[in-house]
Amino acid sequence: MCLVNKIDIDKAFFTKSNTNDQMLDVVTWTVDPAIFTIFTREIRWYGLFFAIGFLLGYQIEDKIFKHDNAPAGWCDKIFIYVVIATVIGSRLGHCLFYGWEYYSAHPLDIFKIWEGGLASHGGAIGIIIALLIYSKRVTHRNPLWAFDRLVIPVALVGALIRTGNLMNHEIFGHPTDLPWGFRFIENLHQWHYLGAEPIFTAPSHPTQIYEAICYIIVFILLMYMYWKRNAGNRPGLIFGVFLIGIFLSRFCIEFLKNNQEDFEENMILNMGQLLSIPFVLAGIYLVIRAMKQPTVSGRIENIKPKQQK
């Protein structure tokens, strides 16, 4: 299935609807989640954006590591650690935080990652654990050195992943009468695989776009802090700003989102918000701590032979 077969920019994207005697512009989102199919295997926008994010992230991280005179092997190793940690952490996070009732009864389904189900909070926890191990085994430095440098491209990756969610018609918000509301396809499976006529949601908040914009702003801020303000010389400052910027925006945007699971319906704060709070508090602590501590050069000097491997 090809994207161009599913989109008519003039007729399908921007439509008019009459609500309360007011003409409102809305976006009717008919993007096919699959770009094309190769030997019955779909190549999807979500996977493409995920891969692009990691490739761009590697390029950015490589420049940062070279700027700090880090041994060449360090960037390759952190990339491997992060890719593995992101996939495992995101999958386990989804299974534990959002689907424990099901996955505790069907544990083998945890491995069926191709069926979907990733949680960003789980990915964050996975990356934190991976970097603690990475710092102990590879850099032999304060873990904050690695955290401060890694989270810069991670913010960009997060924006690309949310763009992938948009292409999947998922994780959108409550109905809205704002002119940029999106009408997503509710019967996506039937429309995509069986050729059924699409059934659209009411115009809804495109919360994927809201989050992507916030993450891009955080990415730009972190790049400015590192390259123009030498914030890498204050251990934990960049990491702290990242945690506040990413998870505070996530906490606020969750108020506009539809709940992902039924058990969240009676909760004052949903699971995404509850999981975001510890990250925001940790970020505040790191920023305060970093501003009270003396600056420390982040440039790598006097590397022992075993650290260069």
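Trainee: At roughly what angle do the axes of α2 and α8 cross?

Mentor: This is a predicted model, and in it the axes of α2 and α8 come within 12 Å of each other. The crossing is left-handed, and because an angle under 35 degrees counts as roughly parallel, α2 and α8 are roughly parallel to each other. The angle at which the axes of α2 and α8 cross is roughly 15 degrees.

Trainee: Which residues of α8 does α2 meet?

Mentor: On the side of α2, the residues taking part are I60, K63, I64 and H67. The residues of this contact between α2 and α8 divide into 6 nonpolar, 1 polar and 1 charged. Their partners in α8 are F219, M223, Y226 and W227.

Trainee: Are α6 and α8 roughly parallel or roughly antiparallel?

Mentor: The axes of α6 and α8 come within 8 Å and cross at roughly 165 degrees. Because an angle over 145 degrees counts as roughly antiparallel, this crossing makes α6, relative to α8, roughly antiparallel.

Trainee: How many nonpolar residues does the contact of α6 with α8 have?

Mentor: α6 passes α8 in a left-handed crossing, and the residues that meet include V151, I152 and L156 in α6, with I216, F219 and L222 among those in α8. The contact of α6 with α8 also holds 4 polar and 3 charged residues, while the number of nonpolar residues is 16.

Trainee: How far apart in space are G89 and G123?

Mentor: G89 is found in helix α3, and G89 counts as buried because its relative accessibility is 11%, where the cut-off is under 20%. Leaving aside residues up to four places away in sequence, G89 touches G122, G123 and G126. Although G89 and G123 are 34 residues apart in sequence, their C-alpha to C-alpha distance in space is 4.3 Å.

Trainee: Is N187 buried or exposed?

Mentor: The place of N187 is in the loop between β5 (182-183) and α7 (188-194). Not counting residues up to four places away in sequence, N187 touches A196, E197, P198 and I199. Because its relative accessibility is 11%, N187 counts as buried.

Trainee: What is the angle at which α9 and α10 pack?

Mentor: Helix α9 (residues 237-253) and helix α10 (residues 271-292) have axes 7 Å apart, and their crossing is left-handed. By class, their contact has 17 nonpolar, 5 polar and 1 charged residues. The packing angle of α9 and α10 is about 150 degrees.

Key:
Residues are numbered from 1 along each chain as its sequence is written. This is a predicted model: local features need pLDDT of at least 70, side-chain atom pairs count only at pLDDT 80 or more; totals for chains, interfaces and linings use all residues. Side-chain values use heavy atoms; hydrogens and water are left out. Axes are lines fitted to C-alpha atoms, for helices over the stretch in contact, and angles run from 0 to 180 degrees between N-to-C directions. Helices (H or I, at least four residues) and strands (E, at least two) are DSSP runs, numbered from the N terminus. A crossing is left-handed if the near helix is turned anticlockwise from the far one by less than a right angle, and right-handed if clockwise. Ala, Val, Leu, Ile, Met, Phe, Trp, Tyr, Cys and Pro count as nonpolar, Asp, Glu, Lys and Arg as charged, and the others, Gly among them, as polar. Buried means under 20% relative accessible area, exposed over 50%, partly exposed in between (1.4 Å probe, protein chains only). Contact means heavy atoms within 4.5 Å. Angles under 35 degrees count as roughly parallel, over 145 as roughly antiparallel, 65 to 115 as roughly perpendicular and the rest as oblique.
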